[in-house]
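Reader: I am new to protein structures and would like to walk through one with you. Could you show it to me first, so that I can ask as we go?

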Amino acid sequence: VRRSDAPLHTAHTAPRPALVVLTSTTTPTKAACTMTEKTSSMSTDLTPIISPFLDLHMLFPLLEYMDGNPKITYSSKEIAAARLDLLGPTHMVDYAMDIYKDLNGTSDDAELAKMEKQKQEVYQTLEDLRKRAAAFEEFVTSHKAKLGQKGDWNFKGVLSASGGKVRKETIECYRQLAKFNYDCGDYQAARDMLRIYISLFVNSSEEEGENNYEALSNSATTNLLEALWGKLSCDILLENWEDASSALKAVRTVLEALSNSNRMAPLESLRQRTWLLHWGLFVFWNDRKGLDQMMELFTTEKYLQVITTNAPHLIRYLTAAVLIGKRRSQSGNKMMRELLRVMSNCDYTDPIIEFVQCLCVKFDFDGAQAKLAECENVLTTDFFLCKQTELFMEEARIFIFENYCRIHSKLRVTDLAEKLAMDPASAERWIVDLIRNTDGLSAKIDWTENTVSISGSNRASVHETILERTKDLNARSAMLMQNMKNMLEKERERKEAEYDD
């Protein structure tokens, strides 16, 4: 894998798509070809589709998950070869050498000697960047707090207060050093440096600068956006999910500010919004409030357009989030209707999406049963959804139960177990727990007939809902007519008064 000409997020113009060995964007290696062939048969595996929208470093956690998952058919040797290909454009030479030795032994002295030379070059470049950025690092230590108190902690204030010791080129070297640390795998050092660099744009401390979204919007520039992309990537790789959530919002704020002010081309806005949705998957499925944030972002009009035109596969994650959060949100039913509308505009499908369509569009319970069994396999092989497998399956069964109860007042436990993809004994226990723990569900089990009787719930039927909403329709219509008459009368009096004058 050769180094791409496209820049990394902390470098020139924007985050670049990773060099993906699963769907190689360059001339594929033998390992890449093998994995791509296998991927084509695993139609529900989204790793090859998602990878081009992620930074290269973000693919290492995905490969690690694949290597430890027995349900994924790639061998450890194939995944190690993929790791080695991905390490090519980075500066993590020691890591690459260890993998190379595991794959090929130590017999190829020429290749190992080449890597050793590359490592020495990395150390030399790192030392050179540190020397060139040393003046700014010393200035940060000695003057940052004082300038911050005066409100002069910004590019102009630093250049003025340093007496010529810090120049624009010095600060640029500091940014390059942050990027170089990132490429070396030192994400903590890169994050700390980027926080200081970002604070120069918003004239505040690191903590305040990252969360002051109004200041970020007012200071929006391409350079600031690049740094924020880098900070977000570092937080994701360090698994600082709370900070990553704030960083994601900061990137979105500056991205929209540049787009709305026509300082970013529409095509570039589309591309970066696509990256934002994909990078956000790491945050949404790990942060405590992530699913609510995900549904808000994914259903915003601009980002819905991105999904339907550029990334329809993301419907899988929106569907899972809506289904998991349906009962926990007051707007769960509204979100489900919005989801069905989005589905109708996308060509992508998989067992999770088909499960919802079977229940809500086709009312096909047999089809939903078959898809539910497939959903479990999809969930356990998906890097982002794997931790939610049990919760998803539980909510999916409740969703089936709710829909089935709407058209049946008496259910056989064996039939219900079949619909829920469970054995009868497990289904009985599950129904008992559901009846016991669900408010508003009035049901009982007849153990002699082995049936469940639904005697009603607090949920109003469609007929009752229509009656409730229309019972005072006549009164409201009469009031509306009276208001219109009053308005016309006042208008007539006004015109008569004008005529008399």
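**How two neighbouring helices pack**

Author: Let's begin with helix α14 (residues 266-284) and helix α15 (residues 290-298), whose axes lie 9 Å apart and meet at an angle of about 160°. Please keep in mind that this is a predicted model.

Reader: Thanks! Are α14 and α15 roughly parallel or roughly antiparallel to each other?

Author: Start from the angle, which is about 160° for this pair. An angle over 145 degrees counts as roughly antiparallel. The two helices, α14 and α15, are therefore roughly antiparallel.

Reader: Which residues of α15 make the contact with α14?

Author: The crossing of α14 over α15 is left-handed. On the α14 side, the contact is made by L277, L281 and F284. On the α15 side, the residues are G290, L291, Q293, M294, L297 and F298.

Reader: How many nonpolar residues are in the contact of α14 with α15?

Author: Sorting the residues of this contact by class gives two polar and no charged ones. The nonpolar residues number seven.

Reader: What about α13 and α14, how far apart are their axes?

Author: Helix α13 covers residues 241-260 and packs against α14 at an angle of about 170°. With an angle over 145 degrees counting as roughly antiparallel, α13 and α14 are therefore roughly antiparallel too. The distance between their axes is 10 Å.

Reader: And how many charged residues are in the contact of α13 with α14?

Author: From α13 come W241, A244, S245, L248, V251, R252, L255, E256 and S259, and they meet α14 residues that include S269, Q272, R273 and L276. By class, this contact has nine nonpolar and five polar residues. The number of charged residues is three.

Reader: Which way do α8 and α9 cross, left-handed or right-handed?

Author: Helix α8 (residues 168-183) and helix α9 (residues 187-202) have axes 8 Å apart and an angle of about 150° between them. That makes α8 roughly antiparallel to α9, because an angle over 145 degrees counts as such. Their crossing is left-handed.

Reader: How many nonpolar residues does the contact of α8 with α9 have?

Author: In α8 the residues I171, Y174, R175, L177, A178, N181 and Y182 take part, and among their partners in α9 are Y187, A189, M193 and L200. One polar and one charged residue belong to this contact. The nonpolar count is 13.

**Single residues worth a look**

Reader: Where is E239 found?

Author: E239 has a phi near 60°, a positive value in a residue other than glycine. At 56% relative accessibility, E239 counts as exposed, because the cut-off for that is over 50%. E239 is found in the loop between α12 (222-237) and α13.

Reader: What is the phi of F363?

Author: F363 sits in the loop between α19 (351-360) and α20 (365-381). With 56% relative accessibility, F363 counts as exposed. Although F363 is not a glycine, its phi is positive, at about 55°.

Reader: Is K334 buried or exposed?

Author: K334 lies in helix α18 (residues 332-344). From C-alpha to C-alpha, K334 is 9.9 Å from V322, and the two are twelve residues apart in sequence. The relative accessible area of K334 is 56%, and since the cut-off is over 50%, K334 is exposed.

Reader: How far apart in space are S76 and M66?

Author: S76 is in helix α4 (residues 76-87). With a relative accessible area of 46%, S76 is partly exposed. S76 and M66 are ten residues apart in sequence, and their C-alpha to C-alpha distance is 8.8 Å.

**The whole protein**

Reader: How many disulfides does a search of the whole structure find?

Author: Take C358 as an example: the nearest cysteine sulfur, that of C375, is 9.5 Å away. A disulfide needs two cysteine sulfur atoms within 2.5 Å, so C358 is in no disulfide. C358 also counts as buried, at 6% relative accessibility. For the whole structure, the number of disulfides found is zero.

Reader: Last one: what percentage of the residues in the protein is buried?

Author: The protein has 25 helices and three strands. Of its contacts with a separation of 6 or more, 63% are between residues 24 or more positions apart. Among the 501 residues, the buried share is 48%.

Terms used:
Residues numbered from 1 in each chain as written. Predicted model: local features only at pLDDT ≥ 70, side-chain atom pairs only at ≥ 80, totals over all residues. Heavy atoms only, no water. Buried < 20%, exposed > 50% of the residue type's maximum accessible area, 1.4 Å probe, protein only. Axes fitted to C-alpha atoms, helices over the stretch in contact; angles between N-to-C directions. Helix = DSSP H or I, 4+ residues; strand = E, 2+ residues; numbered from the N terminus. Parallel < 35°, antiparallel > 145°, perpendicular 65-115°, else oblique. Left-handed = near helix turned anticlockwise from the far one by under 90°. Contact = heavy atoms within 4.5 Å. Nonpolar A, V, L, I, M, F, W, Y, C, P; charged D, E, K, R; others polar.
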